[in-house]
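Thanks, everyone. I will go through one structure this morning, a sheet and its helices to begin with, and then the ligand. Please have the view open.

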Amino acid sequence: MGKIIQSNQIVNHLYIHIPFCQKKCKYCSFYSINYDKSTVCQYLNALKREIAFYKKQLKLDLQTIYFGGGTPSLLDSVDIGAILGELDFHAATEITIEANPNTLNKEKLQAYKDVGINRLSIGVQSFNDRILNYLGRTHDAREAMNVIDLAEDIGFENYSIDLIYGIPSQTKEDFLADIKKTISYEIPHISFYCLSLDEDVPLYSEVNKLPDDELICEQYYSAQNMLKESGYKQYEVSNFAKIGFPAQHNLAYWSGKTYLAVGPSAAGYLVHENSTDYLRYCNSPDLDSYLKKWSIDADFTLAEYELIDKKEQESEYIITRFRLNSGINLREYERLYGGSFLELYKKQIDRLTQLDLVAIDRESVVIKSEKLLLMNEILLEFI
Ligand code: SF4
């Protein structure tokens with residue numbers, strides 16, 4: 001690995017995958033296994049070794065740390081504190097943990113805050129018990145609301161909830177009821193995602209038909225309007241925040257920053273040893289092989305990575321910047337890729353302008369907010 005990545009590169013962002021869940025949700029394709037305490041202990045030892053390895057290779061100057069999963073909130077605060085103890089995290093402005101509502105109580109939340117967690121990403125998914133049951137979630141709406149109250153009481157100013165739309169049998173009104181509740185609770189940040197099902201998840205075979213595009217559009221754009229009218233700013237296709245609360249860690253991903261990722265199935269993005277290319281790597285989604293690999297302090301080679309050369313970097317720039325409501329920054333594009341975006345892509349821009357899909361000003365090109373669900377079609381013009 002040391003021979004592949006540029007040594008001593010400065011890395012500001014760290015993702016830590018915690019691959020344990022209480023039970024698999026019926027729609028989920030993320031890598032996780034059932035929680036058991038003894039495996040967690042082995043995992044933490046392996047994780048510490050992986051972190052130690054990278055600390056020798058890189059200069060970690062961490063601004064954001066993100067515990068994702070899986071269900072990181074199954075770990076107690078001592079374990080989270082022990083992981084943070086391996087890192088110099090005191091300059092980090094955002095340390096997030098993903099949490100399922102039924103894994104938290106007042107004491108645990110307070111203890112997370114005490115060890116350094118300053119942002120929660122709560123997997124609410126819906127405030128409707130019928131829908132939670134359909135998705136195979138392990139919590140109910142009352143538990144979700146209770147955790148939100150506790151987060152407020154304890155003084156977590158920065159927290160987010162995830163919601164899902166596009167669920168079979170979920171009406172537009174059902175989803176908007178979730179949005180209304182989010183607004184009434186004045187939740188600082190919300191992410192909402194359309195349900196998509198890989199073939200190997202249990203819900204795939206149970207579902208006869210996913211909602212049609214018309215309902216998906218109605219759900220999405222109605223929610224977008226309600227949030228905007230209530231003081232939320234949309235900063236990414238699926239993300240809305242009150243002023244001061246956009247997710248800094250996720251913004252780093254979408255802004256092309258490098259990040260280290262540790263744990264099975266975690267995917268990172270680092271500078272290649274040749275200094276001009278980047279590489280994207282993905283740890284194998286297999287806890288057993290992860291434990292074996294990190295059972296001793298060892299040098300290791302990266303089995304799977306993809307080299308991101310300048311051309312690929314430019315494509316990724318276009319894809320990720322169009323996700324953001326700030327869009328393609330024309331001056332930044334020219335500085336990075338040495339040409340005018342508007343001239344290089346004149347044909348595409350003319351076509352998209354005629355179709356009224358993008359807005360252009362002196363500084364940027366953005367997808368119009370009322371056309372964001374056409375993003376995939378728009379991106380196909382460029383790649
Ligand atoms: S809790 Fe999250 S990671 Fe775990 S199974 Fe459910 S959706 Fe997947």
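Start at tyrosine 281, whose bridge partner in β14 is tyrosine 305. This is a predicted model, in which local features need pLDDT of at least 70 and side-chain atom pairs count only at pLDDT 80 or more, while totals for chains, interfaces and linings use all residues. Residues are numbered from 1 along each chain as its sequence is written, and side-chain values use heavy atoms, with hydrogens and water left out.

Strand β13, residues 278–282, runs antiparallel to β14, and four bridges join the two. Strands count as paired if DSSP finds at least two bridges between them. The strands (E, at least two residues) and helices (H or I, at least four) are DSSP runs, numbered from the N terminus.

The sheet is open and has three strands in the order β12-β13-β14, with antiparallel pairing. β12 (267–271) and β14 (305–308) each have a single partner strand, so they are the edges, and one side of each has no neighbour in the sheet. From one strand to the next, the twist averages 20°.

Next, the helix on that sheet. α11, residues 310–323, lies across β12, β13 and β14 and runs at about 90° to β14. Axes here are lines fitted to C-alpha atoms, for helices over the stretch in contact, and angles run from 0 to 180 degrees between N-to-C directions.

α11 also packs with helix α12 (residues 330–337), at an angle of about 170° and with the axes 11 Å apart. The two are therefore roughly antiparallel, the word for angles over 145 degrees, where under 35 is roughly parallel, 65 to 115 roughly perpendicular and the rest oblique. Lys310, Gln313, Glu314, Tyr317 and Arg321 of α11 make the contact with Glu332, Tyr333, Leu336 and Tyr337 of α12; contact means heavy atoms within 4.5 Å. By class, that is four nonpolar, one polar and four charged residues. Ala, Val, Leu, Ile, Met, Phe, Trp, Tyr, Cys and Pro count as nonpolar, Asp, Glu, Lys and Arg as charged, and the others, Gly among them, as polar.

Another helix pair: α2 (residues 77–85) and α3 (residues 106–115) pack at about 15°, with axes 9 Å apart. That makes α2 roughly parallel to α3. Their contact divides into five nonpolar, two polar and no charged residues.

Last, which residues are around the ligand? They are Cys21, Lys23, Lys24, Cys25, Tyr27, Cys28, Gly70, Thr71, Asn100 and Arg137, where near means a heavy atom within 4 Å. This shell has four nonpolar, three polar and three charged residues.
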